[in-house]
Amino acid sequence: MKVTVSAPANIAFLKYWGARDLSLAIPENASLSMTLEKARATTSLSWHPAQTNGVSDHILLRDAQGTPAPAPPPFAARMVEHLRRMKQAFGRTGHFEITTGNNFPTGAGLASSAAGFAALAFGVAKLWDLPQDPQSLSVLARDSGSGSATRSVLGGYVRWPDPPKESAAGARSIFPAEHWELHDVIALVETGEKSVSSLEGHRRATTSLHFPARQEHLDARREGMERALLERDFSALAPLIEEEAIELHLIAMSSRPPIFYWNPGTLEVIHRVRALRAEGVSAAFTMDAGANVHVICESSSKRDVVSALQGLASVSGIFEDHVGTGPRVEATE
Ligand code: DP6
């Protein structure tokens, strides 16, 4: 059997940064994200159960034109390792043939591994007919080592871990996509690979003198965000999203050795968003571990946000997305 699935990226309002166990993606703190709709990884998988010695999983990566080519070794190795863990956990032997690709720039702070590993876990769950409740699916995705993938298997607004104090728990969608149509207008100020991986960022996070102070107020910030989401109160949500984004980068910049994900374009977008707000347009900026800026806004502000960002010298492209419903099966053969 062959299955083609797709899974979206997500944007964290409250960031996963720092891990108790990095290889298993057991986080230091609970995170909260919005699952996107359009930015997706699409993955075709076929499973060959016969144990043929020496045949390993075969991973192809589609390029921007959609043509499959052997995946770069570090990328393929990470996928093969996730497959190995899943085979071990479910007592399976055999090998996979996999072709995957994203419709957005890889490795630029747009959660490409979240979408990719969520699609992989979702596809394997379909092929093997594994339990597909939120906890099971999200833990299966988390076993890739990509924490953000844990959230991308679910739609809407997602909290991970859930319950928030149980660090080994999976994720839960706390509000469905229909609850509130928020948009993410992504301003691309850098499309190359970022220089320091999220993995390395998590590793260094605890070396920041500000890391312990961050942990002290995260619960209150999360509760504030959850209340704002519940009440669809953008003016309460916006400052919380922004202070969290600034803090993530404060931790990165004060890690030892320091990490600078921002570039001058990042700051140009931040200033423009602040000016927009002063003009009465409700929008909030956030960045993951990269230079690109996600501008979160309501439907009524989207047009103003897009046209303001289009006018900026450092913005080379704009990707318009919105809250989405999670992974889906695209085709079965
Ligand atoms: C800053 O370990 O999930 O995006 O596997 O590379 O996607 P990747 O990173 P991961 O760390 C994500 C870090 C973050 C914040 C977040 O998404 O919560």
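The legends below describe several close-up views of a predicted model.

In this predicted model, local features need pLDDT of at least 70 and side-chain atom pairs count only at pLDDT 80 or more, while totals for chains, interfaces and linings use all residues. Residues are numbered from 1 along each chain as its sequence is written, and side-chain values use heavy atoms, with hydrogens and water left out.

**View 1. The shell of residues around the ligand.** The ligand is surrounded by 15 residues, and the closest of these are Tyr-16, Ser-113, Ser-146, Ser-148 and Arg-151; a residue counts as near a molecule if one of its heavy atoms lies within 4 Å of it. Helix 4 (147-152) and helix 5 (198-205) each supply at least two residues of this shell, and the largest share, three residues, comes from helix 4. Helices (H or I, at least four residues) and strands (E, at least two) are DSSP runs, numbered from the N terminus. By residue type, the shell divides into five nonpolar, six polar and four charged residues, where Ala, Val, Leu, Ile, Met, Phe, Trp, Tyr, Cys and Pro count as nonpolar, Asp, Glu, Lys and Arg as charged, and the others, Gly among them, as polar.

View 2. A backbone N or O atom of Tyr-16 lies 2.8 Å from an oxygen atom of the ligand. A polar side-chain atom of Ser-146 lies 2.9 Å from an oxygen atom of the ligand, and a polar side-chain atom of His-202 also lies 2.9 Å from an oxygen atom of the ligand. Of the 450 Å² of accessible area that the ligand has on its own, the protein covers 93% (accessible areas come from the Shrake-Rupley method with a 1.4 Å probe, and for residues only the protein chains shown count as cover).

View 3. The side chain of Lys-15 makes a polar contact of 2.7 Å with that of Thr-286 and another of 2.8 Å with that of Asp-288. A polar contact is a pair of N or O atoms within 3.5 Å; within protein, one must be able to donate a hydrogen and the other to accept it, and residues adjacent in sequence count only if both atoms are side-chain atoms.

View 4. The peptide bond from Asp-162 to Pro-163 is cis, with omega near 5°, and Pro-163 sits in the loop between strand 8 (157-160) and strand 9 (172-175). The bond from Arg-256 to Pro-257 is likewise cis, with omega near -10°, and Pro-257 belongs to the loop between helix 7 (234-253) and helix 8 (264-278). Pro-257 counts as partly exposed because its relative accessible area is 49%.

**View 5. Positive phi values in two loop residues.** Asp-129, a residue other than glycine, has a positive phi near 55°; Asp-129 lies in the loop between helix 2 (112-128) and helix 3 (134-142), and is exposed, with a relative accessible area of 66%. Arg-232, which is not a glycine either, has a positive phi of about 50° and is placed in the loop between helix 6 and helix 7.

Technical notes: Buried means under 20% relative accessible area, exposed over 50%, partly exposed in between (1.4 Å probe, protein chains only).
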